[in-house]
Amino acid sequence: MAEPSKAAAVSPRLEGKIDNRRRILGFMWKYRALYFISLPGLLFFGLFKYVPLMGSVIAFQNYNLFAGVTGSPWVGLEHFQRMFQHYDFLKILRNTLLLGTYDILFAFTAPIVLALLLNEVRQVVYKKIVQTIFYAPHFLSWVIVSGIFVGILSPSSGIVNVMLGWFGIDPIYFLGEDSYIRTVLVGSGLWRDVGWGTIIYLAALAGINPDLYEASEIDGAGRWRQTLSITLPALLPVITILFLLKIGDFMDYGFERVFVFQNPLNIQSSEILDTYIYKAGLQQLQYSYATAIGVFKSVVGLFLISIANTISKKATGESLY
Amino acid sequence: MKYDSAGRKLFLVVNYIILTFLALTMLLPFLNVIAQSFSSPGAIDRGEVMFWPVEFTFAYYQHVFNDISIWRAFGISVYITLFGTFINLAATASLAYPLSRPEYVGRKTIMIIILMTMIFTAPLIPQFILMRELNLVNTLWSLMLPSAISAFNLFVLRTFFTQIPSELIDSSRIDGCSEIRTLWSIVLPLSKPALATVGIFYSVTNWNKYMDALYYINDRAKYPLQVKLRELLVNEGLTDTGNLAFEASSQSVQGIQMAVILVATVPIILLYPFLQRFFIHGMMIGSIKE
């Protein structure tokens, strides 16, 4: 067997285009087994990711299950108009945006602070123990997280209300009131994922050259000064990238985590686009309408991420693309 | 370290207090759930149960273990976790390997195409329609096939495969190994740590699978554990109609719910020690790009 030199495909020899193409095809034929192996995976992305993406066109149709995409009539932006005229839509959009904002304010910043605090711990055993505890809730499903929270927040027997009772505070029905549901949603998200979020920051912190700290110490910098001038700047690229990704998910607060906490008593504040899409689409079978909302959501998400990316590129030089 | 200033010492003390407090807020809800699942209905109802069982009882677990539908849901979750994870690993490795080879012409383009699916996700309804068209609705395949490959895990594995020296792969080719044989006998055995990481991520996802089942499974006999669990949490009172219904129906409902929560959590807890060894390393390779 001839040696599989990498140069063969990209040899800059002066040859005709056709000749070059034939060489590449020959090269591909030689390694056809690689293409064969990759086939199921490529098929997967084509079928389960790209076909439904193309299927988004039904947002511009009156989709009929029996007529299919080719047979259903086109209606232009009708569903989008209907969406904006729907009296509930603005409320649902507002809920989605509010939850997204709270999530960035708290769930995004908390892991950074926690990682900085953990980084100051020198006792290895203690650090390992608390980290193990911090990571654990991340592996529980939202159904279980909601079960635990419903239990501890119960007005009659929940431990939180029992503790509030010690201070003479009347039991609060956290899940039964609109005014608390956002706090519960953001809080349970923090509880589940704050420790997990620290992993990437801790890795970045471990990668900082210790010489920097030593040099700054000789120059008379205290720990606080070092945090401001060395640690945070070193973390900035990671923070920026994660922030951009987070902005891209702004409208994707997550169907599951909201759905499992939702009940008729808190729905006014907990209905978000994702849960509404599920209800309008799969429960009320308004296929095109639900898809239109989904498309709207993606477009806004894309718009947000491109703005954030442009700003970040100008301000910090970091960007996703 | 020897020359810590007073301010620094104070900070360290406060830091330890904060971290210990946070660790307790993570841990105590678990202990409360465990304690309640072993406490008498009366004790739970009076709000006496904190972190230790009051008026110890096994009744809720007996109730749970006698419920055939819970066993069935448990079995379905075990099945999609084992078989689904096998599909996940086979599909992911067989795409990650070619994408890690420089001989695979067009790998950059394919990587970008895959990366795009992480940014653009299709709306729910077109996904549902596809599953209908493929006749996968109400089958367990609908819980395994649409999530066969996660782009993130694919990149983790690919990065790991790239680190295997090409000399090794070349020499196995010279020795007459086919590509499939090379992948099976050289690359995969060398990648056990990466496969374990990715496998564990996949199995946690499969075990926790709820949304897909909600979308694609109507047949109650095919509910995985998380859907069954949710049903128990809602139907038996608390979540949907509030505490009134719970107090009216049966006093032991909360205890049963806590017992079910624990039954669903135990497999993850058993997996956790193995999990932790791998996931940090896995996260690291996943975050490195070319």
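Predicted model: local features only at pLDDT ≥ 70, side-chain atom pairs only at ≥ 80, totals over all residues.
The interface between the chains is considered first. In chain A, 89 residues are in contact with 98 residues of chain B. The size of an interface is often given as the accessible area lost when the parts come together. For chain A and chain B, this buried area is about 8,400 Å², and carbon and sulfur atoms give 76% of it. Polar contacts between the two chains comprise 15 residue pairs, counted with both residues at pLDDT 80 or more. On the side of chain A that touches chain B, the largest share, 17 residues, comes from helix α3 (residues 32-54) of chain A. One salt bridge is counted between chain A and chain B. This salt bridge joins A:E120 to B:R8, with 3.2 Å between the closest N and O atoms.

Aromatic side chains were examined next. A pair of aromatic rings is described by the distance of the centres and the angle of the planes. Over all chains, the count comes to 39 aromatic pairs. In one of these, the ring centres of A:F108 and A:F243 are 5.3 Å apart; the planes stand at 65 degrees, and the pair is therefore edge-to-face. This pair links distant parts of chain A, since A:F108 belongs to helix α6 (residues 89-119) and A:F243 to helix α12 (residues 223-248), 135 residues apart. A:F108 counts as buried, at 10% relative accessibility, whereas A:F243 is partly exposed, with a relative accessible area of 31%. A further pair is formed by A:W191 and B:F30, whose ring centres are 5.9 Å apart and whose planes lie at 45 degrees, so this pair is tilted. The pair crosses between chains, running from A:W191 in helix α10 (residues 178-206) of chain A to B:F30 in helix α1 (residues 6-37) of chain B. A:W191 and B:F30 are both buried.

The charged end of A:R82 lies over the ring of A:Y289, 3.8 Å from the ring centre. In a second case, the charged end of A:R192 is placed over the ring of A:W142, 4.6 Å from the ring centre.

Side chains of opposite charge can pair when their charged atoms come close. Over all chains, the structure holds 15 salt bridges. One of them joins the side chains of A:D103 and A:K246, at 3.0 Å from N to O. A:D103 is buried, with a relative accessible area of 7%, while A:K246 counts as partly exposed at 25% relative accessibility.

In chain B, a network of salt bridges links B:R101, B:E103, B:D170, B:R173 and B:E179. Within this group, B:R173 meets B:D170 at 3.5 Å, N to O. Both B:R173 and B:D170 lie in helix α9 (residues 166-174) of chain B, three residues apart, which is about one turn of the helix. B:R173 also forms a salt bridge with B:E179, at 2.7 Å from N to O. B:R173 counts as buried at 3% relative accessibility, as does B:E179 at 8%. B:D170, in contrast, is partly exposed, with a relative accessible area of 23%.

Three further residues are described individually. A:K297 is located in helix α16 (residues 287-315) of chain A. The relative accessible area of A:K297 is 10%, and this residue is therefore buried. Apart from neighbours within four places in sequence, A:K297 is in contact with A:M251, A:D252, A:L273 and A:D274.

The other two residues concern the backbone of chain B. Most residues other than glycine have a negative phi. B:E55, a residue other than glycine, has a positive phi near 55 degrees. B:E55 is placed in the loop between α2 (41-45) and α3 (59-66) of chain B and is partly exposed, with a relative accessible area of 45%. B:N138, likewise not a glycine, has a positive phi of about 70 degrees. B:N138 lies in the loop between α6 (124-133) and α7 (141-144) of chain B, and is partly exposed at a relative accessible area of 22%.

Technical notes. Residues numbered from 1 in each chain as written. Chains lettered and ligands numbered in written order. Heavy atoms only, no water. Phe/Tyr/Trp six-rings, centres within 6.5 Å; stacked < 30°, edge-to-face > 60°. Helix = DSSP H or I, 4+ residues; strand = E, 2+ residues; numbered from the N terminus. Buried < 20%, exposed > 50% of the residue type's maximum accessible area, 1.4 Å probe, protein only. Lys NZ or Arg CZ within 6 Å of the ring centre and 35° of its normal. Contact = heavy atoms within 4.5 Å. Buried area = accessible area lost by both parts, 1.4 Å probe. Salt bridge = Lys/Arg side-chain N within 4 Å of Asp/Glu carboxyl O. Polar contact = N/O pair within 3.5 Å; in protein donor to acceptor, adjacent residues only side chain to side chain.
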